[in-house]
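Work through the exercises below with the sequence and the structure at hand. Each task is followed by a solution in steps.

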Amino acid sequence: VGRDLEVSRLRANLAKGVDTLLVGPPGSGKSHLLGLLVGAKVIHLAGLAPARLAVLQLAHELHRHGVGLADTTGTAAVELPNHPVHPSAMDGSVPAPSAPPGSDTGSGADGDRLTDEPAAESFATVSKRFRRLSLPGWVSLILGNVTAYEWTLVIDDVSNLTAATAPLLRQLLTGFVVMAAAHRIRPAHEPLFWRFDRVQLHPLGPEDTRRLIRQTAAGATVEDAHLLETRLLQHSRGNPRAVVEFLARLRREPAITAAVVRDLNPPAVEPPGDLTPLVVVPVLALIALRFVARGLGDLELYVVAGVASAAAMLVRFLAFRGR
Ligand SMILES: Nc1ncnc2c1ncn2[C@@H]1O[C@H](COP(=O)(O)OP(=O)(O)OP(=O)(O)O)[C@@H](O)[C@H]1O
Ligand SMILES: [Mg+2]
């Protein structure tokens, strides 16, 4: 509902092979729109974490689409842990067997079948052969077996890139067109997305929100449809997930009476804000306090502030580990 412009831009970018980042707050409909992107050479991934699982899933999907996974670099057999990606793995010297015609029925992330004959070797056999391969080894194996930018990866959520998944994305970008969604991109990861076309999802306008409300409420018996629309319009503030969740909640009531609608409370659809300032500010305050204490010659305060700031940094470390 109400995303015609965004959908046509996404589809145009898919056709042209333009990397695209769909940006919008949680519940704004990013996954919903990415789900519409289907094609013969489109692979859907829920995310990149854990990295090894994502890479194996990608390899599996390619295998399912008839891409052979041959060891083009000769490194697989002697693969060491953390072996760097071999540059020659990216020159595409071994063209991938293209998917047979008639397979353009598209495939969702739900692992639906393809009609063409399965690859001779099962993926289990292939992955067994490469079971000792490191993560970078798998990535170069994949990149060595696909023609650059022939395939599109649709990645549902890249909001929380980590020290493991950010480099993975960087590598995948050397061989795949990527269409991804995120509710935010950390400044540290911005450079990864420089070549991406950004599509921003704004809240739905009132007319589209009403349409979504009517569509989602279809089939339910509503005592006061006008009240329902007005209330949901107010509470959802154009967020499609809010509409969907409000109505799911209402449908669990024995009947959607006017009284029930009036009692609605807005659900929490906002993400938890960035908590970093909450920790950084006290730490800075404590450090300042130490200088004050030293200036005043107050040894006790100096020690206490020192211990407290160490404790605060430990908290910060624990709280933000892996983010
Ligand atoms: N334009 C739309 N028309 C109809 N339904 C929509 C639309 N956008 C979103 N929805 C519905 O709203 C709900 C939330 O959307 P979705 O999961 O795509 O949000 P999201 O942006 O991916 O959120 P998150 O950041 O949490 O992943 C889903 O049930 C989806 O089907
Ligand atoms: Mg989503």
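**Exercise 1: a helix pair**

The axes of α8 and helix α9 (residues 240–251) come within 9 Å and cross at roughly 130°. Axes are lines fitted to C-alpha atoms, for helices over the stretch in contact, and angles run from 0 to 180 degrees between N-to-C directions. The model is predicted: local features need pLDDT of at least 70, side-chain atom pairs count only at pLDDT 80 or more, and totals for chains, interfaces and linings use all residues. Residues are numbered from 1 along each chain as its sequence is written, and side-chain values use heavy atoms, without hydrogens and water.

Task: classify the angle of α8 to α9 and list the residues that meet.

Solution. 
1. The angle makes α8 oblique to α9 (under 35 degrees is roughly parallel, over 145 roughly antiparallel, 65 to 115 roughly perpendicular, the rest oblique).
2. From α8, L228, L232, H235 and S236 meet A242, V243, F246, L247 and L250 of α9.
3. By class, this contact has 7 nonpolar, 2 polar and no charged residues.

Technical notes: Chains are lettered from A and ligands numbered from 1 in the order in which they are written. Helices (H or I, at least four residues) and strands (E, at least two) are DSSP runs, numbered from the N terminus. Contact means heavy atoms within 4.5 Å. Ala, Val, Leu, Ile, Met, Phe, Trp, Tyr, Cys and Pro count as nonpolar, Asp, Glu, Lys and Arg as charged, and the others, Gly among them, as polar.
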